[in-house]
Amino acid sequence: MTRIPTRILGNVPERASNDAGGLMSAQLVPVKPGSAPAIAIVRPVLLVGRHPECDFRIDVPQVSRRHCCLAMAYERLVIRDLGSRNGVRVNGRLVEEVQLRPGDEVAIAHFIYRLEWTQPAPVKPPKPAPRPSPAVPDPPPLIDLDDDFIPLSD
């Protein structure tokens, strides 16, 4: 088994959210376990290649310096070949750019991955806060019409 040197840059994962407020997570998992590292889609645009500044680095000569990018927006994941020498294949077809779907097989150079897309249960909206009762009661009327009037003397 060949060990593939990789490096992932970035700090806090960002994931697309669904309409119900839940988070969706996508990753490219090697078809043959242990043949390559999984590629977690941890930001809206992920650059894959051999260059040290790539978000996901695969340091083998068959992978171009800037091989491809993965972009996630509006619950869609798109892969684009960035002019790589060995190309990007999706389900066996050489592609320049294509929208990925769960279960698609993606080949980056000779590394073959399968797209796994998980969508957790929707997040329940928070319960509305109880309405506060009026803090100050209504003031009494200035003139009580039921009382007898007392005449003022001169």
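User: At 33% relative accessibility, does R114 count as buried, partly exposed or exposed, and what is the cut-off?

Analyst: R114 counts as partly exposed, with a relative accessibility of 33%. The reasoning needs two cut-offs: a residue is called buried under 20% and exposed over 50%, with partly exposed in between. Please keep in mind that this is a predicted model.

User: With which residue does the side chain of R114 meet in a salt bridge?

Analyst: The partner is E105, and the N to O distance in this salt bridge is 2.7 Å. E105 is itself partly exposed, at 30% relative accessible area.

User: How many salt bridges does the rule give for this model?

Analyst: The count comes to 4 salt bridges. One of them joins the side chains of D55 and R43, at 3.7 Å from N to O. That pair links distant parts of the chain, for D55 lies in the loop between β4 and β5, R43 lies in the loop between β3 and β4, and 12 residues separate them. D55 is buried, with a relative accessible area of 12%, whereas R43 counts as partly exposed at 25%.

User: Which residue meets R57 in a salt bridge?

Analyst: The side chain of D59 does, at 3.4 Å from N to O. D59 is partly exposed, with a relative accessible area of 34%. R57 belongs to strand β5. The R57 and D59 side chains are also listed as a polar contact, at 3.4 Å.

User: Which backbone oxygen does the side chain of R57 reach?

Analyst: The side chain of R57 reaches the backbone oxygen of R50, at a distance of 2.8 Å.

User: How should I read the nonpolar core, and how many residues has the largest one?

Analyst: In soluble globular proteins, nonpolar side chains tend to be buried together. Here the largest nonpolar core has 26 residues, and I39 and L70 are those with the most contacts inside it. Several strands each supply at least two residues of this core, among them β2 (25-30), β6 (68-73), β7 (76-81) and β12 (111-118).

User: With which residues is L70 in contact, leaving aside its neighbours within four places in sequence?

Analyst: The list for L70 includes L28, I39, I41, V45, L46, V48, L77, I79 and L100.

User: What is the order of the strands in the open sheet?

Analyst: The open sheet has 6 strands in the order β3-β2-β12-β11-β8-β9, with antiparallel pairing. β3 (39-40) and β9 (93-95) stand at the edges with a single partner strand each, so one side of each is left without a neighbour in the sheet. At the β9 end, β8 and β9 pair over 3 bridges in the antiparallel sense, and R93 in β9 is the bridge partner of V90.

User: How many bridges join β2 to β12?

Analyst: 6 bridges join these antiparallel strands, while 2 bridges join β2 to β3, also antiparallel. Q27 illustrates both pairings: this residue stands opposite E116 in β12 and opposite A40 in β3.

User: Which residues of β2 lie on the covered face, and which on the uncovered one?

Analyst: A26, L28 and P30 form the covered face of β2, and S25, Q27 and V29 form the uncovered one. Residues up to four places away aside, V29 touches A38, I112, Y113, R114 and E116.

User: What should I look for in phi, and what is the value near which phi of Y74 lies?

Analyst: Most residues other than glycine have a negative phi. For Y74 the value is positive, near 50°, and for E75 phi is also positive, near 60°. Y74 is found in the loop between β6 and β7, and E75 is placed in the loop between β6 and β7 as well.

Conventions
Residues are numbered from 1 along each chain as its sequence is written. This is a predicted model: local features need pLDDT of at least 70, side-chain atom pairs count only at pLDDT 80 or more; totals for chains, interfaces and linings use all residues. Side-chain values use heavy atoms; hydrogens and water are left out. A nonpolar core is a set of buried Ala, Val, Leu, Ile, Met, Phe, Trp, Tyr and Cys residues joined through side-chain atoms within 4.5 Å. Buried means under 20% relative accessible area, exposed over 50%, partly exposed in between (1.4 Å probe, protein chains only). Helices (H or I, at least four residues) and strands (E, at least two) are DSSP runs, numbered from the N terminus. Contact means heavy atoms within 4.5 Å. A polar contact is a pair of N or O atoms within 3.5 Å; within protein, one must be able to donate a hydrogen and the other to accept it, and residues adjacent in sequence count only if both atoms are side-chain atoms. Two strands pair if DSSP finds at least two bridges between them.
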